[in-house]
Amino acid sequence: MRLKLKIWRQQSRSAAGKFVSYPMDDANPDMSMLECLDVLNERLIEAGEDPVAFEHDCREGICGSCGFMINGVAHGPLPATTVCQLTLRHFKEGQELVLEPWRARAFPLIKDLVVDRRSFDRIISSGGYVSVSTGSAPDGNAILVSKESADRAMDAAACIGCGACVAACPNASAALFTGAKIAHLGILPQGKPERDVRALRMVAQMNAEGFGGCTNIGECTGVCPKEIPLEVIAAMNRDYIRGSWRERDNLVTTIRPFTEWSTGSKLKVDRATE
Amino acid sequence: MATTVLGARDVRPARFWASTNGKKAVMAVTGAILFLFVIGHMLGNLQIFEGPEKLNDYGHFLHSVPEILWAVRSVLIVSVVLHIWASVQLAVRKTKARPVGYSHRDNIASSYASRTMYWSGPILLAFVIYHLLHLTAGVIQPGGEFVPADVYHNVVAGFQVWYVSAWYVFSMVLLAFHIRHGAWSMFQSVGFNHPRHTPILKKGALALAILIAAGYISVPVSVMLGVVK
């Protein structure tokens, strides 16, 4: 099948970017979107051109590495699907596909379709964990979890951290991601002891990263490849308000957002300070 | 041991306000207060259909104890100020959060009302200012002289001017849009969302938005049609 790819090409963060059109006359309808880019890249490499940079890892929709905008929708038109699982048969013959990276201040561009999502890592490390005593494995069923709690926690834990929620949000808010990470631990008994401080710390980090505020419009849920419900944002708000009210000590610190790479990095990316 | 220097951000309410979530919680509570006011105001307005005496008596009753009147007005003014202050700060944050925009981005899951809150809000503010100058302070007198004690006369005279009625109807439609999103979104902002109850809240918000707008719009329409004169 024939497709026309219009891809955002940008050499580095400081370089100017532009759309470049690539005709794909030999695309197979059974290819995934990423395989289509693989074919294009082979052609570009053979021609001595710079291949299109895009992030990928498992290619089975569970790692959260891949993702870009296709015709203005994060992860493309198919609901609950990452771009690695999106096959070309869902597009029309001869259709033009505009591929654009996630755009947010907290997701600075690295190259072409690849953005730096370490802001998500910093939100997780600020409170997205459960403190446990190490030692032998706990007895099964020592802590009882109701079926409903287990299901709700699992629904929130399905988040793969791909960043589509931020990309689709008109406010570039990370509320759905942060909410999912707060909810999947806060619902379970193991996560209850740190529930208040977790919400305070993760929300503080989310706000320090420069994401926008949530206006509850629901675009995030619409594009989420794991269909995380808007309910997790309410869970975050609830835990945050509760935590702010009950807070006894000033335990909240944030990690300074950094967008640079260590000087030892072999990556040929922009190291210039902004 | 290092001493901790307490800055503005270390005071709990200031930190709460500084976060986007805290601001949205404040917007939810102040929005709820304004929402209740809007319902009460509409019910008061509908007394115009019971004749001049009834409406003027009601107006007189509201002004009977100035302390209570100003206490209520203070709550409303504080609510309006906080609601706008938070939304302006969030709007500034929004513009900073995406310095490089998309060439094209589709909306696939959100309602029109929810995406236009930043439009319906400021226009409603402009309307409220006009409305207060027209029917509370009497500074603007589009339809003849303002008589402080004769609410009925002021309303009928004002709405007989076509552009006053048109501006009123337009603003009330925007109010309906604002309520359609705000009336359920405030529950989400203070942390309430339940897969069974939130759909009911959304339907309830839509129903109330239509009822409130219809209630308000019925007054200028009746004046223009000559039902109320």
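Reader: How are H6(B) and H8(B) oriented to each other?

Author: Angles under 35 degrees count as roughly parallel, over 145 as roughly antiparallel, 65 to 115 as roughly perpendicular and the rest as oblique. In this predicted model, helix H6 (residues 117-136) of chain B packs against helix H8 (residues 162-189) of chain B at about 135 degrees, axes 9 Å apart. H6(B) and H8(B) are therefore oblique. Axes are lines fitted to C-alpha atoms, for helices over the stretch in contact; angles run from 0 to 180 degrees between N-to-C directions. Helices (H or I, at least four residues) and strands (E, at least two) are DSSP runs, numbered from the N terminus.

Reader: Which residues of H6(B) and H8(B) meet?

Author: Contact means heavy atoms within 4.5 Å. Among them, B:Phe127, B:Tyr130 and B:His131 lie in H6(B), and B:Trp167, B:Phe170 and B:His178 in H8(B).

Reader: What sheet do the strands of chain A form?

Author: Strands of a sheet pair through backbone hydrogen bonds, either parallel or antiparallel. Pairing takes at least two DSSP bridges. In chain A, five strands make an open, mixed sheet, ordered S2-S1-S5-S3-S4. Strands S2 (18-24) and S4 (73-74) of chain A are the edges, each pairing on one side only.

Reader: What packs on the sheet?

Author: Helix H1 (residues 33-46) of chain A does, touching strand S1 (3-9), S2, S3 and S5 of chain A. The direction of H1 makes about 90 degrees with that of S2(A).

Reader: How do S3 and S5 of chain A pair?

Author: Strand S3 (residues 69-70) and strand S5 (residues 96-100) of chain A are antiparallel over two bridges. A:Ile70 stands opposite A:Leu99 in S5(A).

Key: Residues are numbered from 1 along each chain as its sequence is written. Chains are lettered from A and ligands numbered from 1 in the order in which they are written. This is a predicted model: local features need pLDDT of at least 70, side-chain atom pairs count only at pLDDT 80 or more; totals for chains, interfaces and linings use all residues. Side-chain values use heavy atoms; hydrogens and water are left out.
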